[in-house]
Amino acid sequence: MTFTDSTATPIQPGRRGHDQPVVYHSRADGWVRRAALLLAIIAAAAAIVGLVFPQRWEYFGLRVSLRHFDWPATLAIVMGLVYAAKYPRPRGLLLRWQQFLLGLHACWKEWGIGRRLVLVVLIVHGVVCLARVNDLIETGARALVTERTAFCRDRDRQDASLTVYDRLVTQTRQEVPEDARILYEGHWESVVFAYDVYPRRVFLTPQNWRRLAGEWHCSRWLEAKTGGRMETSLERFWVSRIPRQNVPPLVFAEQKGLDYRVTYDPRHPDNTSIEPLTDAP
Amino acid sequence: MIHSLWALSAAAAWPLLLTCAGYALASFLRRGKTRRFPRLSEAFLLGCVLVTLVAYVWLACFGRIALAAWTAGTLLLLIAAGWGLRLAWCDRRDHGRVWRRRWRAAPAAVGLMLATFAAMAVYAGSAGLSRYDARAIYGLKAKVLADGGSVWGEDFMDVHRAHFHPDYPLLVPLLEAEVFALRGDGDDLGVLFLSLGFVAALVGIIVAAAERWGRRSAIWWGVAVLAIPLVHGVGEGAGLSGSADLPLAALLAAGLLSLAEAVDKRSHSAAIRAGIFLAGAVLTKQEAFLWLLGVAAAGGVSLLFRRGTESQAIARPVLRAAACSLVVLLPVLGLFALVHGPMPASPYYRSYTAALDPAWLVQLEGRPAHVAGFALGELVNQAWGYLWILVVGVLCLRRRQPMNRHTLFLRALLAVMALGYTTIFIVTPYQIDYHLHTAFRRLWLQILPVAVLVTAEQLWATGWTSELAAAVRRFQEARIDPHASDKQRVTGPATKPPLKRAG
């Protein structure tokens with residue numbers, strides 16, 4: 001806190017008399033305090049709107065995106081702390097906060113560059129962590145009010161293909177008996193499908209497994225992460241070692257006693273299907 | 001509505017039941033010359049390992065756990081929990097004193113911790129298992145086991161069954177299976193309370209371990225660990241994702257802490273506790289085997305760096321503690337082999353031992369640079385914040401205290417494990433981008449407790465925390481004189497401790 005010039009107003013101590021420190025705030029501190037309060041109120045309002053009515057707002061050609069709680073709430077908290085640091089009549093926790101900042105300021109002046117850098121990184125890290133905790137609050141609040149579905153449980157995964165997957169899981173649960181054994185044709189989601197439709201047992205043909213074993217890295221999220229730049233020349237070494245067993249699906253189904261065939265194709269939703277393999281209802 | 005409330009309550013009560021049962025075991029293991037009341041984090045982890053060990057013995061004998069066995073096990077657990085609750089009630093004054101002391105030392109830290117746990121509890125109570133590994137690896141196993149499925153049956157033995165890594169260790173699936181078996185509806189709502197228990201246990205262990213470097217700062221270290229996005233978060237591999245990485249980190253941290261206590265206090269019971277925790281780690285994830293090698297290597301390295309007489313003086317208690325831990329660990333390894341030995345190695349997953357083939361290794365000249373580039377990119381992101389920058393920065397500060405044997409050991413362990421995991425990524429048989437993006441953070445989450453303890457010790461040794469605490473204490477009585485010159489403006493009390501310029 002930098003307080004003081006000859007025009008500064010002395011702020012009276014806290015609860016009891018002279019043992020409390022006397023803190024002086026300059027006029028500039030007053031402006032900082034007011035600005036921080038204003039920003040804190042705006043950010044808090046944005047955080048609440050982002051939590052309760054998440055959407056893009058457009059007024060007079062100006063587009064404002066208020067869809068999240070995390071960073072607006074963090075900004076509100078940080079500005080609240082700035083306001084508390086400049087509060088003119090600190091008592092109790094506010095006084096302790098200002099005393100803490102005075103201690104920090106003294107350390108800053110005494111410390112060398114290394115220790116100062118550690119302090120700066122610690123503060124920045126703390127702010128990022130605070131934003132993530134706020135994100136957890138947002139995720140928890142959304143989980144409370146959102147209907148739980150098979151896969152689309154978070155806001156960042158609700159794309160079209162997963163909706164198709166969700167429908168497939170729901171339909172399988174409704175149409176396929178619990179003791180059924182399923183021949184599944186799909187990709188990396190097959191093992192999650194086995195969980196989602198349990199107690200139905202899910203199997204993959206050897207050729208489907210072989211394809212999967214050679215293509216674990218072939219997924220849209222990884223393409224998005226790497227920008228499609230993946231080193232795949234080394235894959236041949238391992239793909240050549242996967243057993244080349246080719247069993248026709250119907251033969252495999254007969255061997256394993258499978259009752260239903262489920263096909264999932266995210267790129268062509270029309271190919272996604274559930275069909276019985278036996279005459280039994 | 002009533003059914004889901006009951007189901008949710010059962011899921012939420014399960015970690016508490018484990019803690020109470022573990023408290024009884026922890027009290028038993030705390031007898032003797034190190035008698036003091038057990039920590040709740042330790043009790044929770046011991047409860048988890050106890051249940052898993054009993055289930056593993058059952059599986060080794062019969063291959064499956066029928067509903068009657070689940071019910072009988074739960075009744076036995078209830079009895080143990082009742083006993084543990086009685087013991088905890090006897091220790092209530094001690095626990096109350098500890099919590100009052102922590103509250104007085106750092107009320108803001110305790111408040112932040114409680115607020116974060118409340119947010120996590122809201123999520124755990126409203127969401128089920130939503131992440132890939134949590135469902136494909138652990139959740140499916142849990143459902144099969146809860147349903148009375150055999151570990152030697154089709155679900156685990158048929159390589160064409162859609163089951164991701166059927167040979168993975170079963171600690172997390174067995175604990176989840178008990179929830180599924182108790183509820184009987186197959187819904188996974190509230191199963192994440194178990195993950196919440198592991199996060200709380202990890203935080204408790206970090207606080208307990210960091211207390212030797214200052215009581216107040218220890219609580220802040222707990223907050224620091226909890227605040228890391230990958231610890232409290234819900235993303236893939238994070239604390240609330242339902243994966244086994246954070247439970248493994250907690251068990252390893254508890255094992256290391258008990259091992260240190262065993263060496264310091266020459267305590268057999270602490271060594272046995274360490275053995276139980278490390279056994280639990282082995283039953284949680286395969287990486288625990290690598291950690292056992294890492295602990296042995298780091299122990300050897302830290303002994304090498306001591307002077308001759310010092311090494312000889314410490315070698316005997318270390319060997320004694322290791323022997324006591326192995327008494328517990330070796331039978332558990334046998335149990336592990338009995339249950340998992342018959343499971344066939346699927347030809348559709350790539351083998352790490354096959355990756356040691358020279359024909360493969362000669363092709364990897366570009367991998368180290370690739371892994372290093374990815375690791376540099378991971379230094380700052382939404383999952384870690386600026387944690388690793390902080391760790392590196394703190395380790396660059398000049399120390400004012402000499403390193404003791406624990407510090408040497410922790411640093412050696414950090415280096416060995418970081419090197420080990422980096423080597424795994426370099427030789428991995430999987431496509432490198434796929435493996436880095438799916439496993440890098442999770443593996444470094446396992447190293448996190450050691451990294452945090454190394455950082456806490458270093459900050460203490462540099463005097464950073466003590467200087468800050470002294471300055472804050474000084475300014476609790478400070479006065480600011482508005483009419484003084486800049487240099488004299490801020491003055492402290494007469495007994496102001498000197499601040500040394502450093503770093």
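This is a predicted model: local features need pLDDT of at least 70, side-chain atom pairs count only at pLDDT 80 or more; totals for chains, interfaces and linings use all residues.
The peptide bond that joins Tyr198(A) to Pro199(A) is cis, with omega at about 15°.

Next, please turn to two backbone angles. In chain A, the loop between β3 (55–59) and β4 (62–66) contains Phe60(A). This residue is not a glycine, yet its phi is positive, near 50°. Is Phe60(A) buried or exposed? Its relative accessibility is 88%, and because exposed means over 50%, Phe60(A) counts as exposed.

His165(B) is placed in the loop between α7 (154–157) and α8 (171–183) of chain B. Here the relative accessibility is 16%; the limit for buried is under 20%, and therefore His165(B) counts as buried.

I now come to the nonpolar core. How many residues does the largest one have? It comprises 198 residues, and Leu45(B) and Trp384(B) are those with the most contacts inside it. The element that gives the most to this core is helix α20 of chain B, residues 432–462, with 17 residues.

Leaving aside residues up to four places away in sequence, which residues does Leu45(B) touch? There are contacts with Phe198(B), Ala201(B) and Ile205(B), with Ala250(B), Leu251(B) and Ala254(B), and with Phe277(B).

Thank you for your attention.

Notes: Residues are numbered from 1 along each chain as its sequence is written. Chains are lettered from A and ligands numbered from 1 in the order in which they are written. Side-chain values use heavy atoms; hydrogens and water are left out. A nonpolar core is a set of buried Ala, Val, Leu, Ile, Met, Phe, Trp, Tyr and Cys residues joined through side-chain atoms within 4.5 Å. Buried means under 20% relative accessible area, exposed over 50%, partly exposed in between (1.4 Å probe, protein chains only). Helices (H or I, at least four residues) and strands (E, at least two) are DSSP runs, numbered from the N terminus. Contact means heavy atoms within 4.5 Å.
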